[in-house]
Amino acid sequence: MQRFSAGLVLSLASSALAQPVFVDRTADLGLTLDNGVAAWGDVNDDGWPDLCNAGAIWINREGKSFERAPAPTTGLLADIDADGDADLVCFAPVAIFRNTAAPPGDAPNFEPVALPELPATSSVGAAAADFNADGLLDVYIGGFEGGNPQATLPDLLLLSNGLGGFTLAMDIVEFRARGVTACDFDEDHDIDIYVSNYRLQPNVLWVNDGQGGMSNCAADFNVLATSEGFLGGHSIGACFADFDRDGHFDLFAGNFAHVDSRGDQPKSRFLRNLGPEHAWKFDDLHECGVWYQESYASPAAGDFDNDGLVDLLFTTVYADASFGRKNYPVLYRNQSTKEGGWKFVDVTEGSGLERLPPTYQAAWADFDRDGDLDLVTAGRLFVNQAPADRRWIEVRLVGDAGPGGRQAVGAQVRLIGSDDHRPARQVEIGTGQGNANSPFLHFGLGDCGEEVSIEVVWPDGNRQVEGPHHPNQLVTITRNSRPESAASSRD
């Protein structure tokens, strides 16, 4: 089997870094978006990522246009009934709707799912995954605050009973949650949950016992995302990503940070997963070049330039922060090296993303399947104009009735390329504050044109290796079967 050299990829890519360019094509594609939740998912099982926003499902017509389909509300797209098409999970207010349309290709038809009596809550973020490994997707809803005076409202964990509805498994009134994201960070084949908490409260890492029982181990794993003298930060959104290509999932925690009487409040930070050799603990690397803005909000991770390194889009809450300082969302390019450590560089100016308005919205997807990641933020769809000579590969997983369901939520994919680099991606539903990236996994390969093999670790731990595959294609991998490929529209 041929192998590509990750060191060569980084060397070549770093020597020819192009200015990123994004073009607003919202209206051209038939979209009418708002500045709220943006969640990608395949609602009709046709292999093209659709978008939930503005109280509608925007059906992707093969990357050429979007067709509006009405929805009862806006939320995450998750296949809760394991029938192959995405259903709708809303967290503001809490509601779940089953999609009864017949895939592939049909517009969705939503019917409400019965929920148990739930305590009143107010939420701005949630995540869906199969937390108890029964083949059905469950939902964790972060509770924020509300009332007069404002009170802490509960986080909720809803475990699926199939078509019979959900059971309330956790009701925690302790923290003021903003973002919720999930990942099997310790690779023990169950899905853990990271909750970003506000009001200088510590963030929470719910470590799963394999059956949906959760223990808060944030301090044990060093992911409180705070600094000395503070219990926690004003965290808004966080995201899991393999920022250093070692095959383990790291964290970026986004903190809104004022200056108070004790000095600077905790800044945003990268938390590096040290892997099994260090019992899966995280090393707090601090900002790594993410310069200070008071009103940072929601992050979204994705390799927008196809150089093999995962980059970051980071939004802001205010147009004008304290002392009249302007705050704008920032696009950061990952320029980390073994020699220089983790390094993220602001490449916003000239990208088409400069001086965006305040927004919590940020979600990546290669909606047109041309091999680069496009971006929904600030109520617009920005189409990536990345150079066509950059190599890439994308992976669509199709699961079965086992853990993770048909969407294979929680499955991890790694490229087999060299002995010391095995870049990883995961199928996730929920990132930042209330958003969701595409469930189709995108890998940039830099300037390398050699074949790669694809390793899938399904949510139950079963391992499947497929390939080798040529770059520049979407590869569909069905559990325990041979993959199908879809060639690039650029070839």
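Is asparagine 53 buried or exposed? In this predicted model, asparagine 53 has a relative accessible area of 0% and is therefore buried. The points below start from that residue and move on to other parts of the chain.

1. Asparagine 53 and its surroundings. Asparagine 53 belongs to strand E3, which covers residues 50-53. Apart from neighbours within four places in sequence, the residues in contact with asparagine 53 are Leu33, Asp34, Gly36, Val37, Trp58, Thr74 and Gln361.

2. Alanine 54. The loop between E3 and strand E4 (56-61) holds alanine 54. Its phi is near 60°, a positive value in a residue other than glycine. Most residues other than glycine have a negative phi. Alanine 54 has a relative accessibility of 24%, so it counts as partly exposed, whereas asparagine 53 is buried.

3. Histidine 286. A positive phi is also found at histidine 286, where the angle is near 65°. Histidine 286 sits in strand E25 (residues 282-286), while alanine 54 is in a loop. With a relative accessible area of 40%, histidine 286 is partly exposed.

4. Cis peptide bonds. Most peptide bonds are trans. The bond from asparagine 148 to proline 149 is cis, with omega near 5°; proline 149 is in the loop between strand E12 (145-146) and strand E13 (151-152). The bond from glycine 467 to proline 468 is cis as well, with omega near 10°. Proline 468 is part of strand E38 (residues 463-469).

5. An edge-to-face aromatic pair. The model contains 20 aromatic pairs. In one of them, the ring centres of tyrosine 198 and phenylalanine 256 are 6.3 Å apart and the planes meet at 80°, so the pair is edge-to-face; planes over 60 degrees apart fall in that class. The two residues are 58 residues apart and link distant parts of the chain: tyrosine 198 is in the loop between strand E17 (192-197) and strand E18 (204-208), and phenylalanine 256 is in strand E21 (residues 250-256). Tyrosine 198 counts as buried at 10% relative accessibility. Phenylalanine 256 is buried too, with a relative accessible area of 2%.

6. A stacked aromatic pair. Phenylalanine 270 and phenylalanine 344 are stacked, with 4.3 Å from centre to centre and 15° between the planes. This pair also links distant parts of the chain, 74 residues apart, with phenylalanine 270 in strand E24 (residues 269-273) and phenylalanine 344 in strand E29 (residues 344-346). Both residues are buried.

7. The aromatic cluster. Phe270 and Phe344 are among the members of a cluster linked by ring pairs. Its members are Phe243, Phe252, Phe270, Trp291, Tyr296, Phe314, Trp342 and Phe344.

8. The second largest pocket. This pocket holds about 170 Å³ of space. Its lining consists of His258, Val259, Tyr292, Gln293, Glu294, Ala321, Ser322, Phe323, Arg325, Lys326 and Asn327. By class, four of the lining residues are nonpolar, four are polar and three are charged.

Notes: Residues are numbered from 1 along each chain as its sequence is written. This is a predicted model: local features need pLDDT of at least 70, side-chain atom pairs count only at pLDDT 80 or more; totals for chains, interfaces and linings use all residues. Side-chain values use heavy atoms; hydrogens and water are left out. On a 1 Å grid over the protein atoms alone, a cavity is a set of points where a 1.4 Å probe fits but cannot get out, and a pocket is an open set with protein on both sides within 12 Å along at least five of seven lines; lining residues have an atom within 4 Å of a point. Grid points are joined across faces, edges and corners, and a volume is the space filled by probe spheres set on the points. Ala, Val, Leu, Ile, Met, Phe, Trp, Tyr, Cys and Pro count as nonpolar, Asp, Glu, Lys and Arg as charged, and the others, Gly among them, as polar. Helices (H or I, at least four residues) and strands (E, at least two) are DSSP runs, numbered from the N terminus. Buried means under 20% relative accessible area, exposed over 50%, partly exposed in between (1.4 Å probe, protein chains only). Contact means heavy atoms within 4.5 Å. Rings of Phe, Tyr and Trp (its six-membered ring) pair if their centres lie within 6.5 Å; planes under 30 degrees apart count as stacked, over 60 as edge-to-face and the rest as tilted.
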